[in-house]
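Q: Could we go through this structure together? I would like to begin with its provenance and then move to the details.

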Amino acid sequence: MGRGSAVYRRLMLSLFGNRMLGRLISRHGARLAGRFVAGRDRTSALLVVQRLNRLGIAATLDHLGESVRSLEEAAGFREEYLRLLDGIKLQKAKATVSVKPTQMGLALDPEACFRNVRQIAERAKKAGTSVCLDMEDSRYTELTLELVRRLHDEGHRNVTTVLQSYLYRSEEDASRLLEEGIPLRLVKGAYQEKKEIAYPNSEDILLQLLKLIRLHLEQGVFVAIGSHDDRVIGEVRAYAEKFGIDRSLFEFQMLYGLRMNVQAELAQSGYQVRCYVPYGRQWYPYFTRRLAEKPSNLWLVVRNLFR
Ligand code: FDA
């Protein structure tokens, strides 16, 4: 990252990591999160998806929650995803789901997590859609990749995952996953990682992201690009134009509440666009990662309060 933005990010992540402050904001700040979160329940979230679909924007729904403390809690989250997938099917929504492996119990019991995700993948198949395993901090990278590989080996081809371009290891992971036919969303990465394992500089992270995207486009393999960065979007458009790459081979993904006008414009211009729509009560960690990404996101929230 640039020095200023790296300092800002560290400051925000440690500030919001404070337990007292976290409790206070979680209790009183639901309105704050409204800018980035589609609602507290799946009915509200599915309504948002309906509106997005009408604009030609697909969705990926995320039921907020991570790092569960018990397997019972994980099972509760799994059940919510199963009901959500039934809702997607019923509504014929153009939507996939995104799941955090630690919400399914990855940190407690990888086997139980595997079973939970497998159930979700099976239900997703019935709903004619797919499941993306979001990538969390580097403690879970290997375990998440093992999870998705195992699911593919068992024939659950509708499971995808994410690679973060800030990790040095991602280049190698991307090549292997490409060979294995596991579809990816490529992002810069949203967690605080040590410089021993991750690029600390924003220019390097951007260049790595572009490199990983190109790797896919060159080989004609579908890739989802999770970024709001004009440089990323512009480079991908120019590259696709120059080499005649079909628009069905890539998809722009952005977060709900951010650059909604850009999402609509891209969709109108004939690009595939998918909006990441989070909902639920456990919005605090998601919300703080968004604030840590950019000072302007903090302003969006403050402005929302005074509307
Ligand atoms: P970044 O914040 O780096 O900003 C770069 C430039 O883009 C800015 O200088 C500005 O010009 C422009 N820009 C960015 N946001 C803007 C805005 N709101 N308005 C105007 N201009 C803006 N991370 C992770 O670790 N694991 C995961 O599984 C995922 N999943 C995921 C899914 C999707 C759909 C998205 C979009 C992102 C993720 N991420 C993620 C988060 C990702 O890693 C990253 O932290 C954020 O997307 C921020 O990086 P950007 O490339 O979007 O822009």
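This is a predicted model: local features need pLDDT of at least 70, side-chain atom pairs count only at pLDDT 80 or more; totals for chains, interfaces and linings use all residues.

Q: Which residues does the UniProt domain annotation cover?
A: The unreviewed UniProt entry places "domain: Proline dehydrogenase" on residues 49–297. UniProt positions are given in the numbering used here, feature names are shortened, and annotations may be inferred rather than shown by experiment.

Q: And how much of residues 49–297 is helix and strand?
A: Over residues 49–297 the chain is 49% helix and 16% strand. The end C-alpha atoms of this stretch are 22 Å apart. Helices (H or I, at least four residues) and strands (E, at least two) are DSSP runs, numbered from the N terminus.

Q: Turning to α5 and α6, at what angle do the axes cross?
A: The crossing is at roughly 10°, and the axes come within 9 Å. Axes are lines fitted to C-alpha atoms, for helices over the stretch in contact, and angles run from 0 to 180 degrees between N-to-C directions. The two helices, α5 and α6, are therefore roughly parallel. Angles under 35 degrees count as roughly parallel, over 145 as roughly antiparallel, 65 to 115 as roughly perpendicular and the rest as oblique.

Q: Which residues of α5 and α6 meet?
A: From α5 there are Leu71, Ala74, Arg78, Tyr81, Leu82, Leu85 and Lys89, and they meet Ala112, Asn116, Gln119, Ile120, Arg123, Ala124 and Lys126 of α6. Contact requires that the C-beta atoms of two residues, placed from the backbone, lie within 7 Å. By class, this contact has eight nonpolar, two polar and four charged residues. Ala, Val, Leu, Ile, Met, Phe, Trp, Tyr, Cys and Pro count as nonpolar, Asp, Glu, Lys and Arg as charged, and the others, Gly among them, as polar.

Q: What does UniProt mark as "binding site"?
A: The unreviewed entry assigns that annotation to Lys100, Arg289 and Arg290.

Q: Is Lys100 buried or exposed?
A: Lysine 100 counts as buried because it has 23 C-beta neighbours inside 10 Å. A residue is buried if 20 or more other C-beta atoms lie within 10 Å of its own, exposed if 12 or fewer, and partly exposed in between, with C-beta atoms placed from the backbone. Lysine 100 lies in the loop between β2 and α6. Not counting residues up to four places away in sequence, lysine 100 touches Glu66, Asp134 and Glu136.

Q: Where does Arg289 lie?
A: Arginine 289 is in helix α12 (residues 284–293). Arginine 289 is partly exposed, with 18 other C-beta atoms within 10 Å.

Q: What is the phi of Lys92?
A: Lysine 92 has a positive phi of about 50° although it is not a glycine. Most residues other than glycine have a negative phi. Lysine 92 is in the loop between α5 (71–91) and β2 (95–99).

How values were computed:
Residues are numbered from 1 along each chain as its sequence is written.
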